[in-house]
Amino acid sequence: MSMLNKKEELCRYVGSQARDEQRAALPGVIDRIIHTLDDPECFAHIGNEPIHFSTSVRDMIEKLRNILFPGYFSNEKMDSVNQTYHMGREITRLYDILSRQIIHVLRHDCLRFDRVCSKCERRGNEAAFTVIEQIPILRKKLAADVRAAYDGDPAAKSHDEIIFSYPGLYAITVHRIAKILHQLDIPQLPRIMSELAHSLTGIDIHPGATIGERFVIDHGTGVVIGETSVIGENVRIYQNVTIGALSLPRGAGEKLRWTKRHPTIEDDVIIYSGATVLGGDTVIGARSVVGGNVWLTRSIPVDTKIFIEEPRLIIKKTNKGDGL
Amino acid sequence: MSMLNKKEELCRYVGSQARDEQRAALPGVIDRIIHTLDDPECFAHIGNEPIHFSTSVRDMIEKLRNILFPGYFSNEKMDSVNQTYHMGREITRLYDILSRQIIHVLRHDCLRFDRVCSKCERRGNEAAFTVIEQIPILRKKLAADVRAAYDGDPAAKSHDEIIFSYPGLYAITVHRIAKILHQLDIPQLPRIMSELAHSLTGIDIHPGATIGERFVIDHGTGVVIGETSVIGENVRIYQNVTIGALSLPRGAGEKLRWTKRHPTIEDDVIIYSGATVLGGDTVIGARSVVGGNVWLTRSIPVDTKIFIEEPRLIIKKTNKGDGL
Amino acid sequence: MSMLNKKEELCRYVGSQARDEQRAALPGVIDRIIHTLDDPECFAHIGNEPIHFSTSVRDMIEKLRNILFPGYFSNEKMDSVNQTYHMGREITRLYDILSRQIIHVLRHDCLRFDRVCSKCERRGNEAAFTVIEQIPILRKKLAADVRAAYDGDPAAKSHDEIIFSYPGLYAITVHRIAKILHQLDIPQLPRIMSELAHSLTGIDIHPGATIGERFVIDHGTGVVIGETSVIGENVRIYQNVTIGALSLPRGAGEKLRWTKRHPTIEDDVIIYSGATVLGGDTVIGARSVVGGNVWLTRSIPVDTKIFIEEPRLIIKKTNKGDGL
């Protein structure tokens, strides 16, 4: 036996012993964990309907995107011969996945779950049907979003490039779907969808936000659009823009849960990177421009440009190679 | 043969020739790559123990989350009948995955790798055991984080919504686990875990940071919390907040590698979006509020509100439709 | 039959009826969707070559990374015995995946797609070959990036830690590959690659950007580097830095599509978090330092430090526990 093998064997042997000791002690620890499962201080989800979303929400969004931008994200060529079969099959599948998923989240939140409840399944099917019914309208809206992105971005070389790779379009696609479900009062799922888009794009749009046509988010990382924001048509925003709520007194959460806390942005507004617009009474008038890094907690009228006064900069010469 | 088929055939034929030429040239290129594998200027990982983490770190975190929030992320309904079997099986599996993963990273960094080493395996098992032992405590801490998030956020409609979809909770969950491993001096893995959370949430918390109970990050994209930060209880921060180090002279990396370089945030502090707090001697006193976009490199006392003076804004009226 | 079973049965029965009604109505909706597939207002991808990238781009980047950092991301131990076979097999596979992927995107954009075209396949093979040929050079460049990251970051405990977990290194790795494809005029794919890195890291580097050696991005979330930026050697930037274009008049997209719109950053510059540098004529001179949150639309000379004047802060004492 070579020296190396001896060492390895020794290591494995001592190791195995160590492992056994810990493994042998596991049942005691597991018992303690199980006995504190229903600790009233902690959250557990026992006896509840599972939400089941783990893998399916992302698949569901991919399926929807395949239908909303037919052929773009498919690995098979779609042409006039197969399009009917392809779309028919994909839409039927989507209906089945979507309705089942919605039924799960409805049952999960259903207060009548332990009583007789016949509504969850019906509501789930109807909501899935509504989403699918709106596909032709969604396609038009998303096409307008694509064109608006292209028109204002010199780095875009084709409409296809925007569809294939722009995170802003991904985020608004997911938002326009999540918004339909949110309007149908479907719990949990719209927010899970918007957080998936947030995770993939850095763009955080609450499904409750109301957003008009031809909406563009460029780059997008760090964008936050709050629940009760109202955004008009032909609005363009850049990375790190917050359309948010004013700060709240501690504990005000409960009282404000159902009021308009976020701004209104009228048609044809541009908001440059890093700008922050806050407050439910704040209105940015139509055709106005909010410059980079502006911090706004009050309204501005239509046809206005607002910039920060360039902060006085302090400039020092350094000796070569001095670093900071 | 149709015209189309002819064209396709031609294309394929010319193409195949082209492919053959390049493919035939591959071995020469591969040889050059292999001969420079051990170029001392470059990094290669040859003869080292592999870290093996590629797929397992994300799975591992999912498994941990399933145990820390029992039933929430499961596709099977958990109830009083199956919870013992379910949790027992999941925790045993987690122990096996986690201990193996930790042993891999220990061996990877083990300087005695080419000598007799019996410690890596034992340490790995013990560390995995420690994580599992702390699950009941972690559950309490995370439940407190959930409640704190709910209390301060009017957009949250239920505690479940926070557990299912809030990126801030995901980031703090991963942090609280990574911190345990970091305190046990496990190399690589804590940082790989925190970077996974960073990738999914945009929230970058160094596993070395010390963070008290009831910690809330809202929206979160762009948040950075440095290695030696100390954060008290009941602190709430918003997107794009940096708790970081002061700028360093070039090349100062080495000297500062083990000193406190990041601020202390005392209990009950709120830091609004875009604020930057820097420096190892900076202390934000208890119950203070740091306003949006504030840039702070010195301490502020307890019970203080600090805001930027609203920068003078320059406002211009434009002609309708003029754009910027 | 227990009461519970009765309820469940009722629920399922009413549910099934509901489902049937909606499902029965699907064909009509599907018909409407299919009949509007070629709506000239909308985007569809019918009769086009599919791009096929869905799963393969991420795999492709992983494969490239495995070859650029040999052994690091492998689950098998690589040593002097197996390295030749391992690398040979991996590089051949990469060539096959990469060439096929490039051919797909070329065909997709090929205007001669409906005529005889023999060039796409040849160009695809040649481009894939070029990428593979440059692997030894890429390895040297990336090793220099790793060393630069380590030298300036006291939180980094080893070079390996940077390779395993730093998002800045991931982003620059993808950029250096995407840039080669961009220079070869490969459409779509470079941008899809850079957006994948953007999604995973929050760092948005346009594949057209020119970036010198020893480039470091720390933390990185929110970084934007525009298409025509030129960045020298030994430059270090932090989270939320924008190297971008000045705002454009509405509709200027088309005219500006091929001009230099983004800054030039000379050698040895540091740009701290939140700084914004804009405009195609803006030059940051060598060895200069741009402080956090600086907003710059004009050039600064070499050996200059530029900071914002610390904004006057408004400080108020609050009563204990008063909150905001």
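Modeller: Chain A has nine helices and 15 strands. This is a predicted model: local features need pLDDT of at least 70, side-chain atom pairs count only at pLDDT 80 or more, and totals for chains, interfaces and linings use all residues. Residues are numbered from 1 along each chain as its sequence is written, chains are lettered from A and ligands numbered from 1 in the order in which they are written, and side-chain values use heavy atoms, with hydrogens and water left out.

Biologist: What makes a run of residues a helix or a strand?

Modeller: Both are DSSP runs, numbered from the N terminus: a helix is H or I with at least four residues, and a strand is E with at least two. Strand S3 of chain A covers residues 216-217 and contains Val216(A).

Biologist: Why is Val216(A) called buried?

Modeller: Buried means under 20% relative accessible area, exposed over 50%, partly exposed in between, with a 1.4 Å probe and protein chains only. Val216(A) has 5%, so it is buried. Of the 324 residues of chain A, 63% count as buried.

Biologist: Which residues does Val216(A) touch?

Modeller: A contact means heavy atoms within 4.5 Å. Leaving aside residues up to four places away in sequence, Val216(A) touches Asp145(A), Ala148(A), Ala149(A), Val235(A), Arg236(A) and Ile237(A). Across chain A, take contacts between residues at least 6 apart in sequence: 48% join residues at least 24 apart.

Biologist: How do you know that the span of helix H7 of chain A agrees with expectation?

Modeller: The expected span is 1.5 Å times one less than the number of residues. H7(A), residues 167-183, has 17 residues and should span 24 Å; its end C-alpha atoms are 24 Å apart, so the two agree. Of those 17 residues, 15 are buried, so H7(A) is largely enclosed by the rest of the structure. After H7(A) comes Asp185(A), with a positive phi near 60°.

Biologist: What are the span and cover of H8(B)?

Modeller: H8(B) has 13 residues and reaches 18 Å from its first C-alpha to its last, close to the 18 Å expected. It is mostly covered, with 13 of its 13 residues buried. Gly202(B) follows H8(B) and has a positive phi near 75°.

Biologist: Which residues of H4(C) are buried?

Modeller: Among them are Cys120(C), Glu121(C), Gly124(C), Phe129(C) and Ile132(C). H4(C), residues 119-133, has 15 residues and reaches 21 Å, close to the 21 Å expected.

Biologist: What makes a space a cavity, and what makes it a pocket?

Modeller: On a 1 Å grid over the protein atoms alone, a cavity is a set of points where a 1.4 Å probe fits but cannot get out. A pocket is an open set with protein on both sides within 12 Å along at least five of seven lines. Lining residues have an atom within 4 Å of a point. Grid points are joined across faces, edges and corners, and a volume is the space filled by probe spheres set on the points. The structure holds ten cavities of 30 Å³ or more. The largest cavity has a volume of about 120 Å³. It has 19 lining residues, and those closest to its centre are Ser199(A), Gly202(A), Ser199(B), Thr201(B) and Gly202(B).

Biologist: Why is Asn293(B) called partly exposed?

Modeller: Its relative accessible area is 21%, so Asn293(B) is partly exposed. Asn293(B) lies in the loop between strands S12 (289-290) and S13 (295-296) of chain B. Its phi is positive, near 65°, in a residue other than glycine.
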